[in-house]
Amino acid sequence: MSTRDVPLLEIEDLRIRVRNTPGAEILRGVSLRLWPGETLAVVGESGCGKSMTSLAVMGLLPEGLERTAGTVRLTGTPVPIGDNRAMRRIRAARIGMVFQEPMAALDPLFPVGRQVLEVLNEHQRLGRRAAWARVIELLGLVDLPDPERIARSYPHRLSGGQLQRVVIAMAIACSPEVLIADEPTTALDVTVQAQIIRLLKKLQRRTGVGIVLITHNLGLVAHSADRVMVMYAGRKVEEADTYSLFTAPRHPYTRGLLDATPNPERQATGGRLLNEIPGIVPSITDPMPGCRFAPRCVRRTEACRARVPDFTVVAGHGVACFDPVPRPGEVAA
Amino acid sequence: MSMTPLLRVRDLHCSFRVNSGMIHPVRGVSFDLQRGETLALVGESGCGKTTLARALLGLQPPSAGSIQIEGNEIAGLNRVDLRRFRPQMQCVFQDPFSSLNPRKRVETLIREPLDVHQKFAPEERRRRVHLMMEKVGLPADWGRRFPHEFSGGQRQRIGIARALILQPDILICDEPVSALDVSVQAQIINLLYDLKSDLGVSYLFISHDLTLVETFADRVAMMFEGQIVETGPAREVWCNPQHAFTRRMIDAIPVPDVTRPAPPAFRLEAD
């Protein structure tokens with residue numbers, strides 16, 4: 001069996017809830033697969049569970065949350081996400097992580113080179129000289145100019161973009177198979193964002209690392225992901241290759257998100273400046289029995305409020321909706 | 001009279017002393033805001049746009065230059081003299097979580113500017129608060145609630161109501177939607193747009209997001225290293241950027257449309 005047949009990362013029916021709060025479910029059964037060399041974007045608005053999914057994979061669930069179901073596999077082997085000691089050998093070594101706030105991911109008291117070194121020392125047996133040489137090499141790999149100088153710099157001396165490069169260097173230090181990037185460019189200016197995305201793509205091309213890109217920015221997704229998964233209120237509502245998702249979104253929420261995103265190349269319809277999605281995201285404790293998007297949905301039917309629609313995949317395009325948006329050219333049912 | 005712009009800024013400079021010496025975030029900014037106009041000030045972090053807003057609001061005295069509201073000079077006025085002009089220029093801040101006092105009820109928060117400036121009798125103040133809550137799309141019977149009971153978008157509606165209750169001529173919006181989700185961002189932008197024609201207020205809209213302001217600003221001023229480097233009609237700046245900084249920014253903006261090529265700054269071949 002070639003590695004092509006086994007997903008790099010596979011999450012199956014992940015469920016997370018708040019301890020001691022009945023009905024407070026943060027993830028309501030999320031599954032995903034990441035293939036070698038692929039970038040999978042996980043898209044959704046705050047509270048949809050996209051960050052919780054990645055934290056659960058790393059075994060880093062915040063205090064007070066618990067996993068009630070779900071398995072995670074790395075190249076086919078189960079990941080012991082509940083076992084903190086075992087997870088220490090997997091974090092950074094096999095799954096690297098890049099967070100939104102590079103300043104918060106680094107310790108202000110130590111030069112950045114030493115912090116990259118710490119990751120290496122945790123997972124690899126290198127001599128002192130070899131390890132430091134590798135630190136300099138890594139800082140060069142993420143296109144930081146003058147890596148020797150940067151390595152000796154404290155975080156506050158570096159710009160946000162430079163810090164995010166250091167964090168990426170730490171994330172790839174042990175050549176992980178999977179890189180999870182949680183809003184890696186949200187705190188950065190748009191020109192720096194482009195540099196960071198280009199850097200991630202360059203590293204991917206070099207090493208074949210699979211990237212899970214968690215973001216709310218659909219523009220970013222359109223030009224950097226191979227596949228997209230859209231989440232809403234703790235569930236996956238749609239998944240497709242990037243081209244299909246943008247040109248023929250099936251879930252009304254995906255359609256709404258795309259329409260609400262400012263796009264100078266397209267005019268809003270219906271006389272509004274921007275097409276808004278009315279209403280707000282339901283509370284995680286809201287016990288609604290049906291689709292959690294139904295109260296805000298323009299296409300809702302009686303069935304939507306009664307039952308949760310199954311996630312159905314047709315020709316690689318999956319959607320959880322009783323009455324999905326018709327494909328272009330398809331006649332509405 | 002119609003020749004006098006609502007807000008006229010000329011050669012404005014702001015500088016302050018920090019540990020390592022002087023910094024000079026605003027370096028000679030000039031622009032006019034006409035009545036009924038939406039002017040967007042766009043730039044990256046550290047370009048001086050927020051310092052400029054603070055100077056206009058009198059929260060940070062400028063080191064040189066002129067700020068005129070309908071021909072009246074307000075730069076260099078002391079707090080007491082400035083108070084006369086404050087009702088004319090109000091502000092909506094970026095963070096709807098830290099800009100509202102968590103201990104005050106929403107109706108108090110919205111009414112406060114009227115109390116401070118001693119406008120209207122108590123009964124009339126209450127009536128106006130309710131009207132304003134309705135205008136910004138807040139349930140009228142939620143006035144007794146506290147800010148934490150509201151979502152981010154609703155809190156920004158509270159901030160807008162509070163800013164508009166004095167019927168200002170100018171509303172400075174400093175990144176009012178950058179903390180919000182896309183679907184809620186659209187709600188707030190549509191609301192601001194509707195209120196503009198409804199109340200006859202003019203906007204100075206500060207943002208880092210050129211695609212957003214392109215959809216609703218009349219004019220855009222691009223700010224770079226403390227100076228305005230390019231101004232023009234929003235559409236014109238987007239389609240035909242003149243300054244190198246504007247071009248660099250537009251080349252890096254990913255438009256959510258897969259049928260178009262990736263922005264130049266995203267392409268690997270660019271290396």
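Chain B has nine helices and ten strands, where helices (H or I, at least four residues) and strands (E, at least two) are DSSP runs numbered from the N terminus. Chain A comes to twelve helices and twelve strands. This is a predicted model, in which local features need pLDDT of at least 70 and side-chain atom pairs count only at pLDDT 80 or more, while totals for chains, interfaces and linings use all residues. Residues are numbered from 1 along each chain as its sequence is written, and chains are lettered from A and ligands numbered from 1 in the order in which they are written.

**Overall dimensions**

- The C-alpha trace of chain A spans about 70 × 45 × 40 Å along its principal axes.
- A compact globule with the 333 residues of chain A would have a radius of gyration near 20 Å, and the 21 Å of chain A agrees with that. The radius is taken over C-alpha atoms, and the globule rule is 2.2 Å times the number of residues to the power 0.38.
- For chain B, the C-alpha trace spans about 65 × 45 × 45 Å along its principal axes.
- With 271 residues, a compact globule would have a radius of gyration near 18 Å, and chain B, at 19 Å, agrees.

**Annotated domains**

- In chain A, the UniProt annotation "domain: ABC transporter", from an unreviewed entry, covers residues 9-258. UniProt positions are given in the numbering used here, feature names are shortened, and annotations may be inferred rather than shown by experiment.
- That span of chain A, residues 9-258, is 39% helix and 26% strand, and its end C-alpha atoms lie 28 Å apart.
- In chain B, UniProt places the feature "domain: ABC transporter" (unreviewed entry) at residues 7-250.
- Residues 7-250 of chain B are 36% helix and 27% strand, with the end C-alpha atoms 28 Å apart.

**Contact between the chains**

- The contact takes 39 residues from chain A and 36 residues from chain B; two residues are in contact if their C-beta atoms, placed from the backbone, lie within 7 Å.
- On the side of chain B that touches chain A, the elements giving two or more residues are helix 6, helix 7 (210-216) and helix 9 (244-252) of chain B.
- Helix 6 of chain B gives the most to that side, with seven residues.
- The residues on that side of chain B divide into 19 nonpolar, ten polar and seven charged. Ala, Val, Leu, Ile, Met, Phe, Trp, Tyr, Cys and Pro count as nonpolar, Asp, Glu, Lys and Arg as charged, and the others, Gly among them, as polar.

- Helix 11 (residues 252-260) of chain A packs against helix 6 (residues 182-199) of chain B at an angle of about 50 degrees, with the axes 9 Å apart. Axes are lines fitted to C-alpha atoms, for helices over the stretch in contact, and angles run from 0 to 180 degrees between N-to-C directions.
- Helix 11 of chain A and helix 6 of chain B are therefore oblique to each other; angles under 35 degrees count as roughly parallel, over 145 as roughly antiparallel, 65 to 115 as roughly perpendicular and the rest as oblique.
- Their crossing is left-handed, meaning that the near helix is turned anticlockwise from the far one by less than a right angle, with clockwise giving right-handed.
- A:Gly256, A:Leu257 and A:Ala260 of helix 11 of chain A meet B:Val182, B:Ser183 and B:Ala186 of helix 6 of chain B. By class, this contact has four nonpolar, two polar and no charged residues.

**Helix packing within the chains**

- In chain B, helix 3 (residues 106-116) and helix 5 (residues 152-164) pack at an angle of about 30 degrees, with their axes 7 Å apart. Helix 3 of chain B is therefore roughly parallel to helix 5 of chain B.
- The crossing of helix 3 and helix 5 of chain B is right-handed. B:Val106, B:Leu109, B:Ile110, B:Glu112 and B:Pro113 of helix 3 make the contact with B:Ile158, B:Ala161 and B:Arg162 of helix 5.
- In chain A, the axes of helix 4 (residues 112-123) and helix 5 (residues 128-141) come within 9 Å and cross at roughly 120 degrees.
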